[in-house]
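Work through the exercises below with the sequence and the structure at hand. Try each task before reading its solution.

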Amino acid sequence: MSKTVEIQIEKSRNLVEGLRKHLQGIGGGVTNEEVNAMEQAVRELEAANAEVDRLREELAPKVKQMNAVMARVKSAYAEKKKTLKGYYPQERWADYGVPDKR
């Protein structure tokens, strides 16, 4: 759970609890239905946040795997590009998909 969401959930829970305890004493026109709606929204936020956390747990290893493959591809690209530049004149580099210029 992200810290920002966690703090908002806790603050909202405390407010709902306080509103429920003192609903009759509030002169600002807060209704029981509004408190119920807010409580439902907090539950929805908790559920959405739990889903996001679950997805993050699934995503983290895949991102790590992708980064490892990306490093291999970048290394191979740099090595092959260096080889091509060493064997061919600059005019031929584009034939091999190397747009670099010296």
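A helix here is a DSSP run of H or I with at least four residues, and helices are numbered from the N terminus. The model is predicted.

**Exercise 1. Charged pairs in helix H1**

Task: Find how Glu-17 and Lys-21 are placed in helix H1, and state what their side chains form.

Solution: 
- Step 1. Glu-17 and Lys-21 are both part of helix H1 and lie four residues apart, about one turn of the helix.
- Step 2. A salt bridge needs a side-chain nitrogen of Lys or Arg within 4 Å of a carboxyl oxygen of Asp or Glu.
- Step 3. The N to O distance for Glu-17 and Lys-21 is 3.4 Å, and their side chains meet in a salt bridge.
- Step 4. For exposure, the cut-offs are under 20% for buried and over 50% for exposed, with partly exposed in between.
- Step 5. Glu-17 has 45% relative accessibility, so it counts as partly exposed. Lys-21 has 59%, so it counts as exposed.

**Exercise 2. A linked group**

Task: Describe the salt bridge between Arg-13 and Glu-10, then name the network that holds these two residues.

Solution: 
- Step 1. The closest N and O atoms of Arg-13 and Glu-10 are 3.9 Å apart, and the two residues form a salt bridge.
- Step 2. Arg-13 and Glu-10 are separated by about one helical turn, because they are three residues apart in helix H1.
- Step 3. With a relative accessible area of 40%, Arg-13 is partly exposed. Glu-10, at 39%, is partly exposed.
- Step 4. A network of salt bridges links Glu-10 and Arg-13 with Glu-46.
- Step 5. The count of salt bridges in the model comes to eleven.

**Exercise 3. Two packed helices**

Task: How are H1 and H2 oriented to each other, roughly parallel or roughly antiparallel?

Solution: 
- Step 1. Helix H1 covers residues 3-21, and helix H2 covers residues 32-87.
- Step 2. H1 and H2 pack at an angle of about 155 degrees, and their axes are 10 Å apart.
- Step 3. Angles over 145 degrees count as roughly antiparallel.
- Step 4. H1 and H2 are therefore roughly antiparallel to each other.
- Step 5. The crossing of H1 and H2 is left-handed.

**Exercise 4. A nonpolar patch**

Task: Which residues make the nonpolar surface patch of about 260 Å²?

Solution: 
- Step 1. The patch is made by Leu-59, Val-63 and Met-66.
- Step 2. Residues in a patch have over 30% relative accessible area. Val-63 has 33% and is partly exposed.

**Exercise 5. Distances across the model**

Task: State how far Lys-80 lies from Arg-13, and how far Asp-95 lies from Ala-41.

Solution: 
- Step 1. Lys-80 belongs to helix H2, and its relative accessible area of 47% makes it partly exposed.
- Step 2. Lys-80 and Arg-13 are 67 residues apart along the chain, and 59 Å separates their C-alpha atoms.
- Step 3. Asp-95 sits in the segment after helix H3 (90-93), and it is exposed, with a relative accessible area of 56%.
- Step 4. Between Asp-95 and Ala-41 there are 59 Å from C-alpha to C-alpha, and they are 54 residues apart in sequence.
- Step 5. Asp-95 also forms a salt bridge with Arg-92, whose closest N and O atoms to it are 3.4 Å apart. Arg-92 counts as partly exposed, at 34% relative accessibility.

Definitions and conventions: Residues numbered from 1 in each chain as written. Predicted model: local features only at pLDDT ≥ 70, side-chain atom pairs only at ≥ 80, totals over all residues. Heavy atoms only, no water. Patch = residues over 30% accessible without salt bridge, like charges linked within 9 Å, V, L, I, M, F, W, Y side chains within 5 Å. Areas by Shrake-Rupley, 256 points an atom, 1.4 Å probe, with all protein chains shown as cover. Buried < 20%, exposed > 50% of the residue type's maximum accessible area, 1.4 Å probe, protein only. Axes fitted to C-alpha atoms, helices over the stretch in contact; angles between N-to-C directions. Parallel < 35°, antiparallel > 145°, perpendicular 65-115°, else oblique. Left-handed = near helix turned anticlockwise from the far one by under 90°.
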